[in-house]
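Take a moment to turn it around on your screen, and then read on while you look.

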Amino acid sequence: MKRFAALIDRLIYTRSRNTKLALIADYLRGTPDPDRGWAIAALTESLDFPVVKSAMVRALLATRIDEELFRLSRHFVGDTAETAALLWPDALRRKQDDPSVSEAVAMLSAATRADAPLVVAGLLDRLDADGRYALLKLALGGMRVGVSARLAKQAFARAFAVDVDDVEEVWHAIPPPYAPIFAWGEGRAGRPDLAGTLFFRPFMLAHPLEAASVDLADYAAEWKWDGIRVQIVHGSGETRVYSRGGEEISGAFPELVAAFDQDAVIDGELLVRGDTQGGEAASFNALQQRLGRKSVSKKMLAEFPAFVRVYDLLAVDGEDLRGLPWQERRRRLEGFAPRLAASHLDLSQVIDARDWDDLAARRAGARDAAIEGVMLKRRDSPYVAGRRAGLWYKWKRDPLTADCVMMYAQRGNGRRASFYSDYTFGCWSDEGELLPVGKAYSGFTDEELKWLDNFVRNHTVARFGPVREVEKTLVLEVAFDSIHSSKRHKSGLAMRFPRIMRIRRDKPAEEADRVSSLREMAT
Amino acid sequence: MSLRYGVDAEATHNAAFAYQDGFERGGVRFSFHPAGHVLGSAQIAMEYAGERIVVTGDYKRRPDPTCVPFEVVPCDIFITEATFGLPVFRHPPTADEVAKLIAAVRAEPQRCVLVGAYALGKAQRVIAELRAAGWDAPIYIHGALERMCALYAGHGVELGELRLVSETEKGAMRGQIVLAPPSALNDRWSRRLPDPVTAMASGWMRVRQRARQRMVELPLVISDHADWDELTTTIAEVDPKESWITHGSEEGLLRWCELNQRKARALHLVGRDLEEEA
């Protein structure tokens, strides 16, 4: 547990992604099986011990420390696992008896509701404060060390010098502690054979379109939907839904799991049907209600019904189609479509544009809430993992813009820790009050950042902890992909992907936009 | 005092006393006793009609190469600080934390480690502890630490070679230790350093979320305040008739006194009671 505890400790305080990768890669190389597999599963929140819950830990603590002192401490620390780790008395600790991660996992998995407190107490007694923190986080979940499944796989790829897409593919087919994957990484065995198992295929991704146009004879156009990219896999009576990073999200979308029963792998966009759109796809804002949940209530299912707009077919009836050109896959997909439950799975249409100008006109005219732009897919290209030059392009709609007034600023992270680089800005209400409409921390050049940082420092009127309130004099031209109504902000609006497009030193603050004109852009 | 508060503070009622020494005023005998907090820090004992009250001010019990250790002064009423008056605060051995700091500098020789440390006391203690651990390279300091370090050196505290960051080339600080007041850690000033690892020397660093909030990469639990064990042991050793608890987590220490059948109250409540009586 010592090495794992040290790793968590470093990850907690490390903000740089690259350093995180190096730390995890080091750990994976230097730790034996099965410890490293369980550790990586814990970091990516892939473990669950149903009999160990924070109420149980609190009750356990009450046997060792006064409840009032625990309550006061918990209030100060703000986290049950950390409070318990710090408060658990270590006087009885036997020095040479550090339990391994796999021993802890085995004991926690075998524990019953009745003996779980004893098992946890027994482990805590063998650990120091850092070890106790690692154990409790492993047992309770909520690691919060900023390690996504994708980052873990990249760390694995770096540790063993293998291709991350190859890792991605085997990762989801093999359960923790992933011993066959490590054996492959270390060259002791071949890549695990996935025939007959359900697994995630790494997504093919698109580059932004930078050229003025492409030849539509070579490229097919489809709408770019503003949902989340999903892959649905079915086989041997089981269905799994994977999100962009290969995370399994089946639990959050039971209606999709129930609706897909064909032996196939489909690629598409997960969307929510909105009443306001006449039963069509609703904005990303509506979809957000369904994201980040482990399970979902009946009410959520009824209010925000999910469906998938399918645009690719990666495998069907045991045949891998990824090597086929797009046009052939498309033909197969259209032939396959009648096998889909239309209530939850429909086909994303190809845009039948006469020429480039026609396509541009249609793109400009599309104000559908769930349309984000146009995808251009090379007709003769196979389905390949990641972003490859020349194959797929995304051509987003031109952003919307608004002139807003800077209201607050906050310092950034990492390299930007000494710069005020996160800005909250607002627009005018009809009563002449400035209401926050969004927050942005990108879009400007390094030179502009220096200027903005200086502006904040020289025009601060109040400080609230790390936040500075500034004189309401600077107009920022803000670009954003869309704007939605939101209860979270006083203005009643929330922007999607706002960024600072220009600093409008020339424009007086009172000429900035009104909240009411932003509301007209809302979808 | 004049360094910390400016020359005006020195103007009138200013006198220097040695430890154990004191004076009498209005029948009350005042004396000063080491608090072990920083150089020159003192507890104040007040005696009147056979009864003694001791005010600890800020104090700690663990060894500090820059100041005289805390002295247990038996008394009737013990007014104690409670900065770390919760049992989550147990400072690890200082030598371990200093070793962590040195290991971090050596692990990334192309960077420097920037340690946030209060200008009075903490900075000089960190320097002295580094010297004791064998770190004999020059230590680079923020201008705000210069005068206080000179004062300590003038009182015979060995700090070794100190250099001002403002007079040093950026590249020369790679693989070195830099000290600055906490306010400078994430400020523009730090841009002149070579890719600093941000460290902070404070008892608060014991709690991960606190350290994260301050954007600290290397938390060092080094404190000039008594931790939970020191606070409770000290009350037991002084063994007063009554403890008055102030300045920090009064509730936690108060609860400990209650559990150990020791008479105690929070000083802010005492103040309120007096107002009601008045």
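Before we talk about domains, here is how they are set: domain bounds come from an automatic or database domain assignment. This is a predicted model, in which local features need pLDDT of at least 70 and side-chain atom pairs count only at pLDDT 80 or more, while totals for chains, interfaces and linings use all residues. Residues are numbered from 1 along each chain as its sequence is written, and chains are lettered from A and ligands numbered from 1 in the order in which they are written.

**Domains of the two chains**

The assignment for chain A gives domain 1 (2-140), domain 2 (204-396) and domain 3 (400-521). Between the C-alpha centres of domain 1 of chain A and domain 2 of chain A there are 40 Å. Chain B is assigned domain 1 (2-88 + 226-277) and domain 2 (94-220). Taken over C-alpha atoms, the centres of domain 1 of chain B and domain 2 of chain B are 29 Å apart.

How many residues of domain 1 of chain B are in contact with domain 2 of chain B? Twelve residues of domain 1 of chain B touch 17 residues of domain 2 of chain B, where two residues are in contact if their C-beta atoms, placed from the backbone, lie within 7 Å. The side that domain 1 of chain B gives to domain 2 of chain B has six nonpolar, two polar and four charged residues. In this count, Ala, Val, Leu, Ile, Met, Phe, Trp, Tyr, Cys and Pro are nonpolar, Asp, Glu, Lys and Arg are charged, and the others, Gly among them, are polar.

**Where the chains meet**

The contact between the chains takes 21 residues from chain A and 22 residues from chain B. On the side of chain B that touches chain A, α5 (208-213), β11 (218-220) and α7 (250-259) of chain B each give two or more residues. That side of chain B has ten nonpolar, four polar and eight charged residues. The element names follow a simple scheme: helices (H or I, at least four residues) and strands (E, at least two) are DSSP runs, numbered from the N terminus.

The axes here are lines fitted to C-alpha atoms, for helices over the stretch in contact, and angles run from 0 to 180 degrees between N-to-C directions.

| Helix pair in chain A | Angle | Axis distance |
|---|---|---|
| α1 (residues 2-13) and α2 (residues 17-30) | about 175° | 10 Å |
| α4 (residues 54-61) and α8 (residues 116-124) | about 65° | 10 Å |

Angles under 35 degrees count as roughly parallel, over 145 as roughly antiparallel, 65 to 115 as roughly perpendicular and the rest as oblique. Therefore α1(A) and α2(A) are roughly antiparallel to each other. On α1(A), R3(A), L7(A), R10(A) and L11(A) make the contact, and on α2(A) the residues are K20(A), L23(A) and Y27(A). Four of the residues in this contact of α1(A) with α2(A) are nonpolar, none is polar and three are charged.

By the angle rule, α4(A) and α8(A) are therefore roughly perpendicular to each other. In this pair, M56(A), V57(A), A59(A) and L60(A) of α4(A) meet A116(A), P117(A), V120(A) and A121(A) of α8(A). The contact of α4(A) with α8(A) has eight nonpolar residues, with no polar and no charged ones.

**Strands and sheets**

In chain B, six strands form an open sheet with parallel pairing, in the order β8-β7-β9-β6-β10-β11. Strands count as paired if DSSP finds at least two bridges between them. At the edges are β8 (162-164) and β11 of chain B, each pairing on one side only. Within the sheet, β6 (residues 113-116) and β9 (residues 177-180) of chain B run parallel and are joined by four bridges. Opposite V113(B) stands I177(B) in β9(B).

In the hairpin of β16(A) and β17(A), two residues lie between the strands, and G465(A) takes a positive phi near 55°.

Most residues other than glycine have a negative phi, and most peptide bonds are trans. The bond from D33(A) to P34(A) is cis, with omega near -5°. P176(A) and P177(A) are also joined by a cis peptide bond, with omega about 5°. Y178(A), which is not a glycine, has a positive phi of about 60°, and Y178(A) lies in the loop between α11 and α12 of chain A.
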